[in-house]
Amino acid sequence: MLAEAARHRVQAILVQRDFREGLPELADGSVDVVTAFRFFANAEETLRADAMAFIARKLHQGGWLVCNNHRNFWSLPYIVRRFCFCGGDVGMSNRTLLDLASAHGFCLRKTFSLGVLPQSENRGVLSWKWMDRIERKLFSISGTRQRMGYNIVFVFERMTKNNSIAPTA
């Protein structure tokens with residue numbers, strides 16, 4: 001992912017290192033946007049909390065965190081697996097991520113739900129072209145409130161000290 005980002009970056013510092021070892025090149029409050037995909041649902045609880053605290057320190061007030069829950073416990077595939085007693089009990093609830101972000105001074109601004117209908121890279125019920133059309137239609141009908149997709153993308157804002165705006169989603 002970092003190699004791909006490097007190909008498209010305009011002005012960015014890309015770092016591949018364990019944040020727990022320190023990142024002196026990133027001053028506290030100096031970062032505009034942090035993206036964290038496929039991280040929070042895979043990380044242990046203590047690592048999630050440590051990472052969220054680190055991100056909150058590095059983002060400036062009003063900065064953005066864009067992350068996802070790619071193991072949405074309430075997605076259709078997870079619900080079906082639990083209903084059929086075939087698993088589906090491993091994942092992270094959206095509430096877990098929302099509470100973690102809120103505890104570190106983030107306010108949810110927007111969500112996007114993707115993957116309502118089960119589909120994998122290797123096999124699917126329909127072609128990607130048709131799945132894309134169906135997903136877009138579902139999204140246009142339900143808007144950003146729909147959270148049944150396997151992947152939920154969350155857009156959080158790092159709140160300023162004097163800003164106590166309630167979450168919008």
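1. A pocket is an open set of grid points, where a 1.4 Å probe fits, with protein on both sides within 12 Å along at least five of seven lines. The present structure is a predicted model. Its largest pocket has a lining of 28 residues, and Leu2, Val15, Val34, Thr35 and Ala36 are the ones nearest the centre.

2. The space in the largest pocket comes to about 1200 Å³. Strand β1 supplies the largest share of the lining, namely six residues. Sorted by class, the lining holds 20 nonpolar residues, together with four polar and four charged ones.

3. Six salt bridges are counted in the model. One of them joins arginine 7 to glutamate 4, with 2.8 Å between the closest N and O atoms. Both residues belong to helix α1 and stand three residues apart, about one turn of the helix. Arginine 7 is exposed because its relative accessible area, 61%, is over 50%. Glutamate 4, at 41%, is partly exposed.

4. Arginine 17 and glutamate 25 also form a salt bridge, at 2.9 Å from N to O. Arginine 17 is partly exposed at 40% relative accessibility, and glutamate 25 is partly exposed at 39%.

5. A further salt bridge links the side chains of arginine 20 and aspartate 18, again with an N to O distance of 2.9 Å. Arginine 20 is exposed at 53% relative accessibility, whereas aspartate 18 is partly exposed at 29%.

6. The count of disulfides is zero. Cysteine 67 is buried, with 0% relative accessibility, and cysteine 107 is buried at 3%.

Notes. Residues are numbered from 1 along each chain as its sequence is written. This is a predicted model: local features need pLDDT of at least 70, side-chain atom pairs count only at pLDDT 80 or more; totals for chains, interfaces and linings use all residues. Side-chain values use heavy atoms; hydrogens and water are left out. On a 1 Å grid over the protein atoms alone, a cavity is a set of points where a 1.4 Å probe fits but cannot get out, and a pocket is an open set with protein on both sides within 12 Å along at least five of seven lines; lining residues have an atom within 4 Å of a point. Grid points are joined across faces, edges and corners, and a volume is the space filled by probe spheres set on the points. Helices (H or I, at least four residues) and strands (E, at least two) are DSSP runs, numbered from the N terminus. Ala, Val, Leu, Ile, Met, Phe, Trp, Tyr, Cys and Pro count as nonpolar, Asp, Glu, Lys and Arg as charged, and the others, Gly among them, as polar. A disulfide is a pair of cysteine sulfur atoms within 2.5 Å. Buried means under 20% relative accessible area, exposed over 50%, partly exposed in between (1.4 Å probe, protein chains only). A salt bridge is a side-chain nitrogen of Lys or Arg within 4 Å of a carboxyl oxygen of Asp or Glu.
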